[in-house]
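Here are my notes on the model you sent.

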Amino acid sequence: MLLEQIQTVLVVTLDDPDALNTYDGATLKALGDAWKELDRTAELRVAVLTASGTRSFCAGANLQSIAAGGFSDPPYPELAENVSVKPVLAAIEGFCLGGGMMLACGCDLRVAGESAVFGLPESRWNLPAQWLGALGRQLLPAHALELAMLGDARLPAKRLYEMGWVARVVEDGTARATALDLAHRIGQMAPRAVRHFKELVLASNFTEPQESLARGMEQAVDLMSMSDTAEGVRASLEGRLPQFRDE
């Protein structure tokens with residue numbers, strides 16, 4: 001796995017194209033460590049998860065590693081949901097299968113090449129998908145079940161866009177560039193506001209409306225007390241880009 005910082009963006013690249021960028025336990029641990037690094041590094045504001053080559057984003061767990069006992073623990077389902085307090089985007093080309101969908105589930109926005117294909121083959125091989133509840137929260141139940149029950153299904157990017165799971169379908173070979181462009185745009189926004197809004201939207205799956213509103217009011221008080229808020233208003237009045245300092 002490769003890590004690269006481009007301005008305020010952390011680019012995480014799955015880097016085993018000969019094996020369709022499948023993962024083993026060590027890869028999952030390294031990915032979890034990367035998301036922790038994103039959270040604790042102040043100058044990083046957003047991340048992009050991508051993969052080497054255009055044949056496969058991630059075809060899930062490495063079956064040879066499983067057969068050889070390479071997963072002493074089950075894959076980490078926490079990688080399937082809200083992996084960071086900061087925004088994370090996925091750039092998907094080619095296969096996004098099984099655990100590859102788990103990794104994409106952990107991202108907030110997904111950009112896919114038009115020839116990308118999606119599927120959950122676990123039911124073909126009696127493999128677990130303990131992270132599937134995350135997909136069920138991101139899709140209508142019928143859509144999640146269409147993927148989960150039909151282990152031989154391969155759905156095109158256009159279908160996942162229609163389901164609302166893929167944010168952009170782009171020309172093949174341009175998913176990474178498109179995701180990076182979106183990431184840089186997000187990186188220009190007020191960082192605390194972005195983090196607050198992500199928290200509020202994702203927490204709505206688990207909180208009552210009144211609790212969500214109360215948390216939103218707490219966030220409003222926090223944002224209105226910041227110097228970044230005054231800077232944002234001044235920049236708008238002066239017709240320039242704001243210089244946010246997260247303070």
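1. Start with the lining of the largest pocket. Strand E5 (88-92), strand E7 (109-113), helix H5 (132-138) and helix H9 (191-203) each supply at least two residues. H9 gives the most, with five residues. Helices here are DSSP runs (H or I, at least four residues), strands likewise (E, at least two), and numbering runs from the N terminus. Note that this is a predicted model, where local features need pLDDT of at least 70, side-chain atom pairs count only at pLDDT 80 or more, and totals for chains, interfaces and linings use all residues. Residues are numbered from 1 along each chain as its sequence is written, and side-chain values use heavy atoms, with hydrogens and water left out.

2. The largest pocket has a volume of about 520 Å³. Of the 22 residues that line it, Asp 108, Phe 197, Lys 198, Val 201 and Leu 202 are the closest to its centre. A pocket is an open set of points on a 1 Å grid over the protein atoms alone, where a 1.4 Å probe fits, with protein on both sides within 12 Å along at least five of seven lines; lining residues have an atom within 4 Å of a point. Volume is the space filled by probe spheres set on the points, which are joined across faces, edges and corners.

3. What is the lining of the largest pocket made of, by class? It has 12 nonpolar, five polar and five charged residues. Nonpolar covers Ala, Val, Leu, Ile, Met, Phe, Trp, Tyr, Cys and Pro; charged covers Asp, Glu, Lys and Arg; the others, Gly among them, are polar. Domain 1 (2-187) and domain 2 (190-238) each give at least three residues to this lining. Those domain bounds come from an automatic or database assignment.

4. Next, helix H10 (residues 209-224). It has 16 residues and reaches 22 Å from first C-alpha to last, close to the 22 Å expected at 1.5 Å a residue. The expected span is 1.5 Å times one less than the number of residues. Ser 212, Gly 216, Gln 219 and Leu 223 are the buried residues of H10. Seen down the axis, they fall within an arc of 60 degrees, so they line one face of H10. The face turned away from that side carries the exposed residues Gln 210, Met 217, Val 221 and Met 224. Buried means under 20% relative accessible area, exposed over 50%, and partly exposed in between (1.4 Å probe, protein chains only). The arc is taken over the directions from the helix axis to the C-beta atoms.

5. Helix H8 (residues 175-187) can be read in a similar way. Its 13 residues reach 18 Å from first C-alpha to last, close to the 18 Å expected at 1.5 Å a residue. Ala 175, Ala 179, Leu 180, Leu 182, Ala 183 and Gly 187 are buried in H8. They cover an arc of only 165 degrees around the axis, which puts them on the same side of H8.

6. In helix H6, His 143, Ala 144, Leu 147 and Ala 148 are buried. Their arc, seen down the axis, is within 130 degrees, so they line one face of H6. Pro 141, Ala 142 and Met 149 are exposed on the other side. Leu 147 has a relative accessible area of 1%. Its C-alpha lies 5.7 Å from that of Leu 120, 27 residues apart in sequence.

7. Check the backbone at two residues. Most residues other than glycine have a negative phi. Asn 21 has a positive phi of about 55 degrees although it is not a glycine. Asn 21 sits in the loop between strand E2 (9-14) and helix H1 (25-40), and is buried at 2% relative accessible area. Asp 246, also not a glycine, has a positive phi of about 60 degrees. Asp 246 is in the segment after helix H11 (227-238) and is partly exposed, at 27%.

8. Where is Val 111 found? It is in strand E7, buried at 0% relative accessibility.

9. Last, Arg 40 in helix H1. It is exposed, at 60% relative accessibility. Arg 40 and Ser 84 are 44 residues apart in sequence and 9.9 Å apart, C-alpha to C-alpha.
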